[in-house]
Amino acid sequence: MDQLKKIILKDRYSVLVATIIIYMTVLMVEGLLTGREARVIDLENPYFDFDVRDWERFRQSRDDSGSTSPDSA
Amino acid sequence: MNSLLPAQFVALLRREVLENRTLFIAAPAVLALVLLVFALWIISMAPSARIAEGVEYLSIMFDGLSPAEMAPMFLMPAIPFIMMLYACVIIYLLNALYQDRKDLSVFFWQSMPVSNLGTVLSKIVTVIAVVPVFYVAILFVFYLLVVIALSLLGLSYDVQVAGLGYMFLAAVVSLLLFYVSTFLAALWLLPTIGWLLLFSAFAKRTPVMWALGVFILLGFLEDLIFGTQFLGNWIESRINFRQYIVLDLPMAMDRLFSYDMLFGIVVGAILITGAVYMRRFVD
Amino acid sequence: MTDIVEARNLEKKFGDFKALDGLDFSVTRGSICGLIGPNGAGKTTTLKALVGLSDVEGDLRVAGRDPRVSRHKLMEEVCFIADVGILPKWFKVNQVLDYVEAVHPRFSRERAEQILSTTDIPANKRIKELSKGMVTQLHLALVMAIDVQLLVLDEPTLGLDIIYRKEFYDRLLNDYYDGDCTIIISTHQVEEIETLLSDLLFIDNGKIVLDAAMQDLENIYSEVLIDAGHYAEAEQLGPIYHRDILGKRAYIFEGVDRNRLRELGEAATPTVADLFVAKLRGAKRE
């Protein structure tokens, strides 16, 4: 225990890393136990699979992805 | 624990207020002044018939409602103040354990028999309980001036203004809701407070970059390694603006004793403990 | 217990640089100890370690406590003025007094005000409006009004003009020092504090190179001025350092009997400044 404390309190970086590890562990374990939603941000973006040879399909997929601009409604 | 003796702790809080009087007092006072001047400007532009009508309408608008029932309406004009409070508190927290290291006065503070725990707790209590007191005081004066101005206007147009007094009572009750709201919001955001203090104590320069950068990096790493987004989930759980306003006291009690609030306090306590230990490293 | 500071094998690294490299020393209660060394020798690191403001490895006890574990408890018994540690600029003079009064159980406001009344420091001014000399005076007044066992001063007169420096040390010695407390001062202006010290510590490259009581210096160290032509005789006795003065040469000896040296010329005790140079240069020549 004393040895562990010594390692954690060695310098500012070890304190930071230890704090963040405990923080993330608690956050994730609690999330899994209580069945919180594990994914909230959908990073799929139609711009990412943009293909210059298939301009028509790109426009189609952009409109389908739920744009709220008035001209697409 | 010696460092938590009341007299000493009060001195620590006093220090925070004296050092940050610009953030805690001048900023909301200037906001109140700007809003007052803006309101007067609007009134001066309006035709007099509309003004008389408006004051009369205001004085009867809440007829039949008790001040307690009216109070939540008066949180509306307080919204700019709540936003200002958050902005100032974020700046304060990022500097709280950084500024004195930068200007080297930390060697004076640390040469006093004050524990790191006492120092960090004084910053947190300042945010949770002390800063809102100044906002409440400034809002009180703000509402008082508005009511006086409206009454004078009403009298000059020969309008019944008794209802305005009643309205002021409701505004005063709303200040209680304001205080409870900001108090609970600070507890609700305790993990954020802990996070900012941790990096305020850690960074050798630009704590804001560290605090933001590590957070984003961590969210990215979590997604990459575990395929989960509990960090993102945590943000999503705190972005709804309605969480930051309570409209009556039973609602406040529900908030305070909710599971999510308690879990947030636990997580916040972990980060705050980190900040306390981080404070050992001052050079 | 007669030692208020006991340090054994202190080490501190900044990256690859060893700021403290196995530092051993102790400070006796009631002494006025000068910690003297060139810039970068480890003075500030050592003094910060004493008050728990620098994490060092090794055994360290100050006033019976480990400063790394219980800094805030220790600071009830120890006062510290850092070399660059300025008082917070936004404080007003009387607000600092309020603060220290509330925070420090051994602070006497009466005494602080009495000391301040002998200066021209206005109570209502902010610290940023005071001159550097006044800030130092104020800090000293605060510290002198606290009844502690140990006072640690790191280059307390840095950047002050000679009048303030004189006053500072006069005050410290006449108004503060009563023989019960211990004072540790670091400086590189040795001449100024030479007369008030009772103990001497030289530090270089993170190591103690000399640890002696002032009164013992004359028994250990001698300086002899030798005429040209007799250098060889002096060299035989193994001087630690020599320097040339106007065609003669001053040799400094360590642990050589005075009576023997008197045969060569007039033997005297070297000044602390000369001794300092001798110890440091001597060490580098080896």
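## Two domains in chain C

Chain C is divided into domain 1, residues 3–205, and domain 2, residues 217–285. The model is predicted. The centres of domain 1 and domain 2 of chain C, taken over C-alpha atoms, lie 34 Å apart.

## Where the domains touch

The two domains of chain C are in contact. Domain 1 gives eight residues, and domain 2 gives seven residues. On the domain 1 side, two elements of chain C supply two or more residues each: helix H7 (190–193) and strand E8 (199–204). Which element gives the largest share of this side? E8(C) does, with three residues.

What kinds of residue make up the domain 1 side? Five are nonpolar and three are charged. No polar residue takes part on this side.

## A three-stranded sheet

Chain C holds an open sheet of three strands. The order is E2-E1-E4, and the pairing is antiparallel. Which strands sit at the edges? They are strand E2 (17–28) and strand E4 (57–62) of chain C, and each pairs on one side only. Neighbouring strands of the sheet are turned by 15° against each other on average, direction ignored.

Now look at one pair of strands. Strand E1 (residues 3–14) of chain C pairs with E4(C) over five bridges, in the antiparallel sense. Find C:Ala7 and follow the bridge across: its partner in E4(C) is C:Leu60. A helix joins the picture too. Helix H1 (residues 43–50) of chain C packs on the sheet and touches E1, E2 and E4 of chain C. The direction of H1(C) makes about 60° with that of E2(C).

## Chain C meets chain B

Chain C also touches chain B. Here 24 residues of chain C are in contact with 22 residues of chain B. Three elements of chain C each supply at least two residues of the chain C side: helix H2 (71–74), strand E5 (78–81) and helix H3 (93–103). Which of them gives the most? H3(C) does, with five residues.

The chain C side has 15 nonpolar residues. It also has five polar and four charged residues.

## Chain A meets chain B

How many residues does each chain bring to the contact of chain A with chain B? Chain A brings 21 residues, and chain B brings 21 residues. On the chain A side, 13 residues are nonpolar, two are polar and six are charged.

Methods:
Residues are numbered from 1 along each chain as its sequence is written. Chains are lettered from A and ligands numbered from 1 in the order in which they are written. This is a predicted model: local features need pLDDT of at least 70, side-chain atom pairs count only at pLDDT 80 or more; totals for chains, interfaces and linings use all residues. Domain bounds come from an automatic or database domain assignment. Helices (H or I, at least four residues) and strands (E, at least two) are DSSP runs, numbered from the N terminus. Ala, Val, Leu, Ile, Met, Phe, Trp, Tyr, Cys and Pro count as nonpolar, Asp, Glu, Lys and Arg as charged, and the others, Gly among them, as polar. Two strands pair if DSSP finds at least two bridges between them. Axes are lines fitted to C-alpha atoms, for helices over the stretch in contact, and angles run from 0 to 180 degrees between N-to-C directions.
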